Amino acid sequence: MSSLAEPASPLLADTANPHPAPLGQALPPAADAAVLFARAQALLPQVAEGAAARESARALPYALVRQIAEAGLLTFRIPQAYGGPGGSIHDVVRFLVDLAAVDSNIAQALRPNYGFIESLLAGNDEAARQLWFGRLLAGHILGNGGLERGGAHGSTAARILRDGDHYRVNGTKYYSTGALYADWITSLALDADGKETAFFVPRGRAGVALVDDFDTAGQRLTASGTTRFTDTQVLAGEVRSGHFSREKRNPVTPLYQLILAAVEAGIARNALADAVHFAQKHARPIRHSSAQASVDDPYVREAVGQIAAQAYAAEATVLRAASALDAAWAEQLSEEALTRASVEIAQAQHFAVAAALQASELAFDVGGASATDRRHNLDRHWRNARTVANHNPRQWKAAAAGAWHLKGEPPPTTGAF
């Protein structure tokens, strides 16, 4: 087992973006996933409390995100040999559905952490595993300096160039998932030869600007605004080796897509919880209903039953897809197994999107005009589901799955599969 001691950290010296919820004392590393699920069961009610009000006020839940990290809930996949619980992808997805069912923003904001761990597991950089598994077990949080605006979708214009023994990076990123909550920002830039280079820097590094300008219809608390690098120093040890090429299939990209599907499944379950609450506590039977209470109205019952079916099926679908990715690991990430998992995840994502959108729409059918009152914020479920769906068009998911079934044609490696 490796030491969990954190080496001297540049976080101590860098102060450009002080964290609103600084590192505290993490709980001891969990021996297995069951310990983490027990911690989640205790913490998730706190996350649920006030979630709708947070969205209305656009109040970023910094302290809650830190609590999740310090409870070890980012570390499911860290092997026991490194002090982690050694959990499966199925465990990760199960937890993320539970988290998204109380706050889908936080579930999506933490997505870079799970993908980063998966990249370490699939790579061969032992020093990076020792360093980052220790940091994550100590409660550190990763954010993503993600895609750029302008140019072809997914293209990179940011540059990282040698500066003595180290590097300097310049560029502007948008869709920086979770960056405002994070201690470390991971990103990509082109080197002098035009090759994509992965790197990470502490949030407080001089020349890093984290801008809270994410302005979308939904998922407004994912802290996914602009990240600017202006002559930002990147130490030699902060450039990542073994970055996965977009030309080669790997387990990280499908996991990222599966997490989006898990968020949709959680939104469907959250819509169910709100529909049940509204029917029980607020709704009145329509004038010509035979029922004295809305919970006895057959059409309200039907609407709730339809929502429940959508939520149930979405969760079952994404968990089955998670098992497909676990199976690919069991088959040593063979091309065939990864391709099968990518197809299953594309199918799961397509269905989960449709289920979340339908469940969110049906939530309004349990009440009358008062269901649209802003104080109930029922529309957040549809807005959140719609925003997550727009990250990667579901038509492409269906088309890729169809091509596989019709012709055995594998999904692209350079797209979101």
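Student: In which sense do β4 and strand β5 pair?

Tutor: This is a predicted model in which local features need pLDDT of at least 70, side-chain atom pairs count only at pLDDT 80 or more, and totals for chains, interfaces and linings use all residues. Residues are numbered from 1 along each chain as its sequence is written, and side-chain values use heavy atoms, with hydrogens and water left out. Strands (E, at least two residues) and helices (H or I, at least four) are DSSP runs numbered from the N terminus, and two strands pair if DSSP finds at least two bridges between them. Seven bridges join β4 to β5 (residues 196–202), and the sense is antiparallel.

Student: Which residue of β5 is the bridge partner of Trp184?

Tutor: β4 and β5 form a hairpin with five residues between them. Within β5, the partner of Trp184 is Pro202.

Student: Which residue stands opposite Thr186 in β4?

Tutor: Strand β1 (residues 142–145) runs parallel to β4, joined by four bridges. Thr186 lies in β4, which spans residues 184–190, and the residue opposite Thr186 is Asn144.

Student: Is Thr186 buried or exposed?

Tutor: Buried means under 20% relative accessible area, exposed over 50%, and partly exposed in between (1.4 Å probe, protein chains only). Leaving aside residues up to four places away in sequence, Thr186 touches Phe116, Leu142, Gly143, Asn144, Gly145, Phe199 and Phe200, where contact means heavy atoms within 4.5 Å. Because its relative accessibility is 13%, Thr186 counts as buried.
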